[in-house]
Amino acid sequence: MDNETKANDDDGLTDDERKKAEKLAAQKRELLERLANANVINDGDRVAWILNRHPETRDSDVTLALQFWATFEPALFGNGSIPAQNLYKLTPQTTLTRFRAKIQNDFNLFLATEKVRKRRGKLEEEHRDIHAEAREAHPWLVVYADESGKTDDNLLVGTFWIIDSGQTLRLKQDLDAWRKLQDFNREFHFKDVNAGNLHTYLALLDFLIARGNAISFKVLTMPRKGLTDIPGKLDDMLYQTLKRGVEHEHSTGRAPLPRVLQVFKDSEGEARDRVSVANLTERLEAASAGVFDKKLTLAYVHAVESKDNDFIQIADLFLGSVNRYLHQNMASGTHAKDELARAFINAFCGSGGINGIENDMVTFGEF
C-alpha cells in the first residue's frame, strides 16, 4: 500500500489525513494569534472577529453579514440602509458564509447553537459547546497577562485589561498608527528601555493614558522565598488576579456583570501552556457558577507569543515597571528604566505609588 494512504498504527490516520489535520491545526493556531492581537488582516480574520465578539452572528449568516458590514465597511453600509449601488461594493454574503463555515466546521471555533448545527448537519457530540444555549450579547472583558520574578525576591503576575471590548480593534488600529508616527516598529520590552528611546516609551504611556476609560492594569505579587512549584504558584496567582479583577471592575461600576471573559497569556512553552491553560479554564468555569452566579461567562483562555502581540508587550512594560519599583527602592534612581517605572506607577496608582504592598496583596490601578 502507498505510504500516503497507509494508516498509522498510533492514530489510525493516513499520511494525507495527518498532514491535513496538522495544516488545519496550524491555521487555527495562527488565526487565534492574530485575533489575540486584534490583527485582522483579511476577510477570514474579520469574520472570525465578528463571530468571536458577537455570538448572535454564529447562528445567522444574515446577522453575520450585517454586523460585518457595519464593523468593517461602515462607509458603504451607512446606518443600515444600504444604497443600491453599494450592494455591489460590499463584501458578498456568500464570501462571509464560506469563511464562517470553515471557521466553525474545520476549526471548531465560535460554534452555532446545537439547534442550528443540527439543521446545518454539522453537529459532533465530542465538540459540543457548553455555552451554546446561553449566548446573550453581554459585554466583554479582555485580559492580557504576563509573569515574572522567577529569580527575584517576588513573583509577579501583571495584567492589562480592556474593559470595553469594542475598543480592542480600535486600540490596535490606533496603536498601529502611533507606531507609524513614531517610526517605532520594534517590540515593546521593559528590558530594552534606555536613554535613547525613553521618550518613545513615555509617549506610549501618554497614548495609554488618553484611552484610560477603556483599560486598566492589575498586579499580584508574592514573596518567592520558600516556595516550591513556582509555575503552579504563578498559575494560582493569575487565577486570583483574574477573579479579584472581575470583582473589582464590577464593584466599581466600570465593568459591571454580566460579562464574557477572554484571557490571553504569554506563552511559556507548549507543555507548560497546555497544563496552565487547562487548569485556568477549569477554575474560571467553576468560578463562573460558584463565585459569580453564572454572570461571568468564560470565552476561552489562550497562550500567545509576546513577539506577535502588542497587548502582551504592554503588560510586560507594566510588569517591568512594578518589578523595578519594588526591587530598586521605588525606582528612585536616574536610569531610564527608573523614570519609566515611576511614570507608569504614578499614572495608574497616583503620586503615592504602590503603598503598603504585602504578601499576596493585589493592587489594582486604572487610569
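Visitor: At what angle do helix α2 and helix α3 pack, and how far apart are their axes?

Guide: In this predicted model, helix α2 (residues 43-53) packs against helix α3 (residues 61-72) at an angle of about 110°, and their axes are 10 Å apart.

Visitor: Why is α2 called roughly perpendicular to α3?

Guide: Angles of 65 to 115 degrees count as roughly perpendicular, and the angle here is about 110°, so α2 is roughly perpendicular to α3. On the α2 side the residues that meet α3 include Arg46, Trp49 and Ile50, while Leu64, Phe68 and Phe72 are among those that α3 brings to the contact.

Visitor: What makes α7 and α11 roughly perpendicular to each other?

Guide: Their axes cross at roughly 75° and come within 11 Å; since the range for roughly perpendicular runs from 65 to 115 degrees, α7 and α11 are therefore placed in that class. The contact is made by Thr168, Leu171, Lys172, Leu175, Asp176 and Arg179 of α7, together with Asp310, Phe311, Gln313 and Ile314 of α11.

Visitor: Which residues does Phe160 touch, not counting residues up to four places away in sequence?

Guide: Phe160 touches Val142, Val143, Tyr144, Leu171, Ile215, Ser216, Phe217, Phe311, Ile314 and Ala315. Phe160 also belongs to an aromatic cluster, whose other members include Phe110, Tyr144, Phe217, Phe264 and Phe311.

Visitor: Why is Val142 called buried?

Guide: Buried means under 20% relative accessible area, and Val142 has a relative accessible area of 0%, so Val142 counts as buried. Val142 lies in strand β1 (residues 140-148), and the C-alpha atoms of Val142 and Thr168, 26 residues apart along the chain, are separated by 8.3 Å.

Visitor: How many aromatic pairs does the structure hold, and what kind of pair do Phe184 and Tyr201 form?

Guide: The structure holds 17 aromatic pairs. Phe184 and Tyr201 form an edge-to-face pair, with 5.9 Å from centre to centre and 80° between the planes.

Visitor: Are Phe184 and Tyr201 buried or exposed?

Guide: With buried defined as under 20% relative accessible area, Phe184 at 3% counts as buried, and Tyr201 at 4% is buried as well.

Visitor: How do you know that the charged end of Arg53 sits over the ring of Trp140?

Guide: A charge sits over a ring if CZ of Arg is within 6 Å of the ring centre and within 35 degrees of the ring normal. The charged end of Arg53 is 5.1 Å from the centre of the Trp140 ring and is assigned as sitting over the ring. Arg211 lies over the face of Phe207, at 3.8 Å from the ring centre.

Visitor: What percentage of the residues of the chain count as buried?

Guide: Of the 367 residues of the chain, 47% count as buried.

Terms used: Residues are numbered from 1 along each chain as its sequence is written. This is a predicted model: local features need pLDDT of at least 70, side-chain atom pairs count only at pLDDT 80 or more; totals for chains, interfaces and linings use all residues. Side-chain values use heavy atoms; hydrogens and water are left out. Rings of Phe, Tyr and Trp (its six-membered ring) pair if their centres lie within 6.5 Å; planes under 30 degrees apart count as stacked, over 60 as edge-to-face and the rest as tilted. Buried means under 20% relative accessible area, exposed over 50%, partly exposed in between (1.4 Å probe, protein chains only). Contact means heavy atoms within 4.5 Å. Axes are lines fitted to C-alpha atoms, for helices over the stretch in contact, and angles run from 0 to 180 degrees between N-to-C directions. Helices (H or I, at least four residues) and strands (E, at least two) are DSSP runs, numbered from the N terminus. Angles under 35 degrees count as roughly parallel, over 145 as roughly antiparallel, 65 to 115 as roughly perpendicular and the rest as oblique.
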